[in-house]
Amino acid sequence: MAHELPPLPYDAAALEPFISAEIMQLHHDKHHATYVEKLNGALGNHPELQSKSAEDLIRELNSVPEDIRKAVRDNGGGHVNHSMFWQIMKPEGGGEPTGQIAAAITQTFGDFNSFKEKFNDGGVKQFGSGWVWLVAGGGSQLEIVSTPNQDSPLTDGKFPILGNDVWEHAYYLQYQNRRPEYLKAWWNTVNWDEINKRFASASR
Ligand code: MN3
């Protein structure tokens with residue numbers, strides 16, 4: 001089974017004014033599509049890996065044959081990261097966190113604003129392309145980490161509960177070099193219901 005580009009769960013313009021339709025179209029229809037295409041290309045000569053989910057490939061990256069490991073890391077990572085990204089945003093999103101994740105954020109970071117500041121700071125400081133994440137590590141302890149390129153926390157044995165894409169393709173057309181402004185605006189799109197689902201599956 002070839003990997004497939006999941007459809008955007010809402011209209012490309014649905015996250016405006018925080019993320020423009022033009023960015024969403026390019027980001028999903030071109031960038032994410034290319035990761036899927038290249039992942040399938042890399043797996044072409046490795047039928048034994050074709051039944052594995054992209055998440056499993058990334059989790060077990062060190063057992064992926066060396067000739068395609070880099071391609072799977074970049075493009076499988078890109079596929080997994082973006083598949084999560086579309087789901088953890090929604091139109092009319094944002095606001096205060098809800099449910100179990102709200103309690104866990106307060107417990108770990110003091111309050112939501114302190115958490116957002118730390119997370120945004122991680123996104124600002126990620127040099128070049130990459131992601132900033134809230135992950136559940138060992139014992140479901142929450143922490144903020146950043147990764148370069150399309151590297152996923154799954155490879156380090158950590159479960160990504162939410163993450164923001166700080167590649168320039170995610171914001172440059174609208175925010176130019178103002179990454180901090182994008183990071184702040186992005187919170188208006190987050191889908192706390194979906195994030196709570198991910199948090200619940202991290203604790204299992
Ligand atoms: Mn991206």
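This is a predicted model: local features need pLDDT of at least 70, side-chain atom pairs count only at pLDDT 80 or more; totals for chains, interfaces and linings use all residues.
Is Gly 95 buried, partly exposed or exposed?

1. The metal site. The manganese ion is coordinated by four residues: His 27, His 82 and His 169, each through NE2, and Asp 165 through OD, at 1.9 to 2.1 Å. Along the chain these donors follow the spacing H-x54-H-x82-D-x3-H. His 27 belongs to helix α1 (residues 21-43) and Asp 165 to strand β3, so this pair ties together parts that are 138 residues apart in sequence. Both are buried: the relative accessible area of His 27 is 1%, and that of Asp 165 is 0%. Each value falls below the 20% under which a residue counts as buried.

2. Helix α1. With 23 residues at 1.5 Å a residue, α1 should span 33 Å; its end C-alpha atoms are 32 Å apart, which agrees. The helix bends by about 30 degrees at His 27, a residue that also coordinates the manganese ion. The buried residues of α1 include His 27, His 28, His 32, Tyr 35 and Leu 39. Its buried residues pack against α2 (54-59), α3, β3 and α6 (172-175). In the segment before α1 is Pro 17, which is joined to Glu 16 by a cis peptide bond with omega of about 5 degrees.

3. Helix α3. The same check can be made here. The 22 residues of α3 (residues 66-87) should span 32 Å at 1.5 Å a residue, and the end C-alpha atoms are 31 Å apart, which agrees. A bend of about 40 degrees occurs at Val 72.

4. The sheet. Three strands make an open sheet in the order β2-β1-β3, with antiparallel pairing. β2 (142-148) and β3 (159-165) stand at the edges with a single partner strand each, so one side of each has no neighbour in the sheet. From one strand to the next the twist averages 25 degrees. Strand β1 (residues 130-136) is joined to β3 by six bridges and to β2 by seven. On the β3 side, Trp 133 stands opposite Gly 163, and Val 132 stands opposite Asn 164. On the β2 side, the bridge partner of Val 135 is Glu 143.

5. Helices on the sheet. α3 lies across β1 and β3, and runs at about 80 degrees to β3. Helix α4 (residues 99-109) also packs on the sheet, touching β1, β2 and β3, with its direction at about 90 degrees to that of β2. As for cover, β3 has six of its seven residues buried.

6. Gly 139 counts as exposed, at 77% relative accessibility. Its C-alpha atom is separated by 8.1 Å from that of Ser 203, 64 residues apart along the chain. In the loop between β2 and β3 is Asn 149, which has a positive phi of about 55 degrees although it is not a glycine. Asn 149 counts as partly exposed, at 37% relative accessibility.

7. The loop between α3 and α4. Gly 95 has its place in this loop. It counts as partly exposed, with a relative accessibility of 47%; to count as exposed a residue needs over 50%. Leaving aside neighbours within four places in sequence, Gly 95 is in contact with Phe 112, Trp 187 and Trp 192. Gly 95 and Thr 189 are 94 residues apart in sequence, and their C-alpha atoms are 8.7 Å apart in space. Glu 92 is found in this loop too. Its phi is near 55 degrees, a positive value in a residue other than glycine. Glu 92 counts as exposed, at 80% relative accessibility.

Note on methods
Residues are numbered from 1 along each chain as its sequence is written. Side-chain values use heavy atoms; hydrogens and water are left out. Helices (H or I, at least four residues) and strands (E, at least two) are DSSP runs, numbered from the N terminus. The expected span of a helix is 1.5 Å times one less than its number of residues. The bend at a residue is the angle between axes fitted to the seven residues ending there and the seven starting there. Two strands pair if DSSP finds at least two bridges between them. Axes are lines fitted to C-alpha atoms, for helices over the stretch in contact, and angles run from 0 to 180 degrees between N-to-C directions. Contact means heavy atoms within 4.5 Å. Donors are N, O and S atoms within 2.8 Å of the metal (3.2 Å for Na, K and Ca); water is not among the atoms, so sites may look incomplete. Buried means under 20% relative accessible area, exposed over 50%, partly exposed in between (1.4 Å probe, protein chains only).
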